[in-house]
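Work through the exercises below with the sequence and the model in view. Try each task before reading its solution.

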Amino acid sequence: MVHVTTILINNPTHRRLLIAFAILAIRFFPCDEEKLLVKYTISSSSSLYQEPMATVAYAISLTNCGPKFNPFDTAAVLKRSIELNSWPKHPESRYASEFFAFVKTSNAALYNYQEDRCGQLLSLAGWTIIPKEDTVNSAIIKEPQGSILKGGISRDGCCGSSELIKLETYKLPHAIAVHLDLDTLVTNPFDELYNVMHFSPDTKEGKQARKRLVDVVAPTYLNRRTSGHPSQGNVTATEAENLLSNITVNAFYTKDYNMINPSKGHNLHVGVQGGFLVVKTSDVTYLQLLDMVYSGEFYGGFDGKTGGWFKSGYGKHIWGSMTIQGLMGHFFDHVELEHSVELNRCRYNNIADNARVSTFSTNPKFPRGTLIDQARNESNPRFNYKDLNCRDGRVECNDTDCQRFPIKKTRLVHYTYCKHPTSCMNCDYMETYKEVSCYSFMKEWFRVRSTILGESLPNNKKDIAFSTNVQWMQEDGKVDVYQGNCYKEYTMGFCQGEGKYLFMKVANMSLLTE
């Protein structure tokens, strides 16, 4: 069905009349002129411009497909979240999207996704399958004296050398490419990043984009650029604007501060969070990274100072140090520091984590959330733990306290800490701010699922009569708790109880028109 407003805006004569009406409205009715014009521009942008500014390649990767693993729902909902926040569906986005899935196989030339269960499901979910063999041949990695890469890369991190399949993102067909883990969800457009990459700094659009970048860049990045240390410095907004005003950005990323021990000084060399990567595609960069791996220049040590890649400190204290997390951490901080930008991890790649270490555990890596007031019991040490120092080494870190960051301000959420919504965890659990944010992340995932054609809400008559705690975060950061049915509130009935997930109907998502 074509809306009347679309017809009016697409017709040049009608469009001029609408603009004239807007000017008259500004002149004769009391209002904020700037806000009205911005609102008009935003609401009609997708109709005023018939073509996107550019197309962005989005990629996921699958290195293993177990017999019980079903990637369809996660892939379909992730794709839908990208579509809802891209041109032409989102009125504020000027960038279209195309979808690719790297699937590891032993023989790419003979691979047929129709004969591979997971490949077929990813294809039905709307992703173009790109079969890939090992990105790196471990047998030909060099072994300089003291190097431990060749013998250890196959056992490193979650997936060994298979994790390096993510480097294939640099070879995708569009100028800008994004790699996301399957357990992520796009919540708002990424245009503020794409504009920096698309427009040169000497253009009007480029200047505006770099000025807005100040709002999303990580404070640790600004510190590193100005003082040489991510934990030291206090960069003002004006100083940040000046620093970023002429920057050419080849990559955006976030870091994983939950995987280091800040008490040992590891915050100087922190690994990249492997679930989110935005890059300018480049065969040169791809080959440069492969050369680094084949050099074998990775050395042992957990001190975060003298080991790791090229003895730069990006070593074994980092989870996945030999692959994406450590390799890209070294690359972005030492090779491409002036052309790659660490983003605020609450806006991009938010996992609802506490910015501070907690007294809950003697292990400083244990990412415990902050107790909500309703759960605190000062007479019981189990429910009276407190926050300590910042994980990133700064004195103050409220600007990266992601557990209290409103989901409406995020661009990407990541379910690695919250656990994926399809697991239908016990949603009655209430103790920390982490749970409150995770429940809001969960609800957004199911909301996006409900927008897919054919995915109507479950029949409420089938709901089990639960009476549970339901919790929401208010604007002032306080938590409101009341009695209700958390499975209805957070999952819209797609979870019928703990572990009782209602799977999607498998259909060809590429054929759906809505």
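**Exercise 1.** Find the buried residues of helix α5 (residues 117-124), and state what covers them.

Solution. Start with the list: Cys118, Gly119, Leu121, Leu122 and Ser123 are the buried residues of α5. Buried means under 20% relative accessible area, with exposed over 50% and partly exposed in between (1.4 Å probe, protein chains only). Next, look at the cover, which includes β1, α4 (72-84), β2 and β3. Last, step past the helix: Gly126 follows α5 and has a positive phi, near 105°.

The model is predicted, so local features need pLDDT of at least 70 and side-chain atom pairs count only at pLDDT 80 or more, while totals for chains, interfaces and linings use all residues. Residues are numbered from 1 along each chain as its sequence is written, and side-chain values use heavy atoms, with hydrogens and water left out. Helices (H or I, at least four residues) and strands (E, at least two) are DSSP runs, numbered from the N terminus.

**Exercise 2.** Give the strand order of the open sheet and say which strands stand at its edges.

Solution. The sheet has 7 strands in the order β3-β2-β1-β4-β7-β6-β10, with mixed pairing. Two strands pair if DSSP finds at least two bridges between them. β3 (128-132) and β10 (340-342) stand at the edges; each has a single partner strand, so one side of each lacks a neighbour in the sheet. Within the sheet, β6 (residues 251-255) and β7 (residues 272-280) pair in the antiparallel sense over 4 bridges. There, Ala251 stands opposite Val279 in β7.

**Exercise 3.** Describe how helix α11 (residues 283-294) packs against helix α12 (residues 324-335).

Solution. First take the geometry: the axes come within 11 Å and cross at roughly 115°. Axes are lines fitted to C-alpha atoms, for helices over the stretch in contact, and angles run from 0 to 180 degrees between N-to-C directions. α11 and α12 are therefore roughly perpendicular to each other; angles under 35 degrees count as roughly parallel, over 145 as roughly antiparallel, 65 to 115 as roughly perpendicular and the rest as oblique.

Then list the contacts (heavy atoms within 4.5 Å). Thr285, Gln288, Leu289, Met292 and Val293 in α11 meet Leu327, Met328, His330, Phe331 and Val335 in α12.

**Exercise 4.** At what angle do α4 and helix α13 (residues 433-450) pack, and which residues meet?

Solution. The angle is about 85°, and the axes are 9 Å apart. That makes α4 roughly perpendicular to α13. From α4, Asp73, Thr74, Val77, Arg80, Ser81 and Leu84 meet Trp445, Val448 and Arg449 in α13.
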